[in-house]
Amino acid sequence: LGRLSTAVGALKREGRPALLLSRGGLSPRDADTGLEGAALYSALERIGVAASAVGVGELRRLEAVREYRASNPGGIRFLSANLVHASSPNVSVFEPSALLEAGGVRVAVIGLTRMHWSKYMTRGKLKDLVLVDPVQAAQTQVQLLRPSADLVVLLSNMSPEDTAKVREEVRGIDLVLSVDASNRPAPAERLERRSSTRARGP
């Protein structure tokens, strides 16, 4: 928390707008402060974290995430377009996306959850949840958000292969924040602006 707070403070002193986003898997406990669960999310919110994809960390602490969101509806937005209820596949467990603003720029943020985490959804509070096709999930959100956004950002903690497939098949994404094969943050990737609609043949 200390290093993040210092970096954000420096940006603010320079008058530079910042939108803090997470690929998911926020730390379960801060080593410096001892904060964890909903208390840690509240601290990250105060620093300025605006949205996070849902990763394995959030799935393992599902109740803490729900507790935090219930008491802080205007706080960090936890996003997953491909995590849905098994009984209602059209209903997302979390918000699939969010439309945010930074320095006058309208930023649409879409979250995708790693397909591999389905192995945790066989028991307990997760057994009624399923992960669906991330390409279709992302495409739906891009089509909804692109007309209202200046920038579309994908937050992905999926495998590099799955993220690459979304990147190649879904038009209209401008920036990808993802992870590498070891589930560590990968460099941000800015994509060439492409139309969100595909040309159709006869």
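Mentor: Two strands pair if DSSP finds at least two bridges between them. Helices (H or I, at least four residues) and strands (E, at least two) are DSSP runs, numbered from the N terminus. The model is predicted: local features need pLDDT of at least 70, side-chain atom pairs count only at pLDDT 80 or more, and totals for chains, interfaces and linings use all residues. Residues are numbered from 1 along each chain as its sequence is written, and side-chain values use heavy atoms, with hydrogens and water left out.

Trainee: Which residue stands opposite Leu151 in strand 9?

Mentor: That residue is Val107. Strand 9 also runs parallel to strand 10 (residues 175-177), with three bridges between them. There, Leu155 has Leu177 as its bridge partner.

Trainee: Why is strand 9 described as largely enclosed by the rest of the structure?

Mentor: Buried means under 20% relative accessible area, exposed over 50%, and partly exposed in between (1.4 Å probe, protein chains only). Strand 9 (residues 151-156) is largely enclosed because six of its six residues are buried. Leu151, Val153 and Leu155 point one way, while Val152, Leu154 and Ser156 point the other way, and all are buried.

Trainee: What is the strand order in the open sheet of three strands?

Mentor: The order is 5-4-8, with antiparallel pairing. Strand 5 (88-92) and strand 8 (129-131) are the edge strands, since each pairs on one side only. Strand 4 (residues 83-85) pairs with strand 8 over three bridges in the antiparallel sense, and Val84 stands opposite Val130 there.

Trainee: How should I read the packing of helix 2 with helix 4?

Mentor: Two packed helices are described by the angle between their axes and the distance between the axes. Axes are lines fitted to C-alpha atoms, for helices over the stretch in contact, and angles run from 0 to 180 degrees between N-to-C directions. Helix 2 (residues 37-47) packs against helix 4 (residues 62-71) at an angle of about 50°, with the axes 8 Å apart. Helix 2 is therefore oblique to helix 4 (under 35 degrees is roughly parallel, over 145 roughly antiparallel, 65 to 115 roughly perpendicular, and the rest oblique).

Trainee: Which residues of helix 2 meet helix 4?

Mentor: Gly37, Ala38, Tyr41, Ser42 and Glu45 in helix 2 meet Ala64, Val65, Glu67 and Tyr68 in helix 4, where contact means heavy atoms within 4.5 Å.
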